[in-house]
Amino acid sequence: MERSRNKNIQNDNKNIHKKYYRKDGVKMDSLHQIVRKYLDENGISDQFFIKYVGCSQPTGSLWLKGQRKLKPEQLEKVHEFLSGKHFKKVEDILHENEKE
């Protein structure tokens, strides 16, 4: 499974400008375009995303424009981000407050 995930991440990086099409011929966006839409639609700042992914501000900004590649471990964080792992659960927030 890990090998398959790494191969998918490597493909994301290689195909940064490749046009993607579904089986029915509909054009799909590349990963950086999907992330841009996700951030805009959810009111999430570029800085928050870039910090989560763990890259420098210039690299993250250029990647969001499709002008730079990310490292495989950073691409894995992008996929985590899109699956919602950046959200904190209410229970976690309450537990953090209890510790203070």
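1. Let's start in a loop. Arg68 comes out as partly exposed, because its relative accessibility is 37% (under 20% relative accessible area is buried, over 50% exposed, in between partly exposed; 1.4 Å probe, protein chains only). Arg68 sits in the loop between α4 and α5.

2. A word on the ground rules. This is a predicted model, where local features need pLDDT of at least 70 and side-chain atom pairs count only at pLDDT 80 or more, while totals for chains, interfaces and linings use all residues. Residues are numbered from 1 along each chain as its sequence is written, and side-chain values use heavy atoms, with hydrogens and water left out.

3. Now the overall layout. The protein chain has six helices and two strands, in the order α-β-β-α-α-α-α-α from the N terminus. These elements are DSSP runs numbered from the N terminus: helices are H or I with at least four residues, strands E with at least two. Of its 100 residues, 26% count as buried.

4. On to the rings. Phe, Tyr and Trp rings (for Trp, the six-membered one) pair if their centres lie within 6.5 Å; planes under 30 degrees apart are stacked, over 60 edge-to-face, the rest tilted. By that rule there are five aromatic pairs. One of them, Phe49 with Trp63, is stacked, at 6.1 Å centre to centre and 25° between the planes. Phe49 belongs to helix α3 (residues 46-53) and Trp63 to helix α4 (residues 57-64), so this pair ties together parts 14 residues apart in sequence. Phe49 counts as buried because its relative accessibility is 2%, and Trp63 is buried too, at 3%.

5. Phe49 has another partner worth a look. With Phe81 it makes an edge-to-face pair, 5.0 Å centre to centre with 80° between the planes. Phe81 has 0% relative accessibility, so it counts as buried.

6. Which residues do the ring pairs link into a cluster? They are Tyr38, Phe48, Phe49, Tyr52, Trp63 and Phe81. Tyr52 also has a charge over its face: Lys77 is 4.4 Å from the ring centre (the rule wants NZ of Lys or CZ of Arg within 6 Å of the centre and within 35 degrees of the ring normal).

7. What about α5 itself? Its buried residues are Gln74, Leu75, Val78 and Phe81. They lie on the same side of α5, because they cover an arc of only 110° around the axis, taken from the directions from the helix axis to the C-beta atoms. After α5 comes Gly84, with a positive phi near 95°.

8. Finally, helix packing. Axes are lines fitted to C-alpha atoms, for helices over the stretch in contact, with angles from 0 to 180 degrees between N-to-C directions. α3 and α4 pack at about 110°, axes 10 Å apart, which makes α3 roughly perpendicular to α4. Helix α2 (residues 31-42) and α5 pack at about 40°, axes 11 Å apart, and so α2 is oblique to α5. The classes are: under 35 degrees roughly parallel, over 145 roughly antiparallel, 65 to 115 roughly perpendicular, the rest oblique. As for handedness, α3 and α4 cross right-handed, whereas α2 passes α5 in a left-handed crossing. A crossing is left-handed if the near helix is turned anticlockwise from the far one by less than a right angle, right-handed if clockwise.
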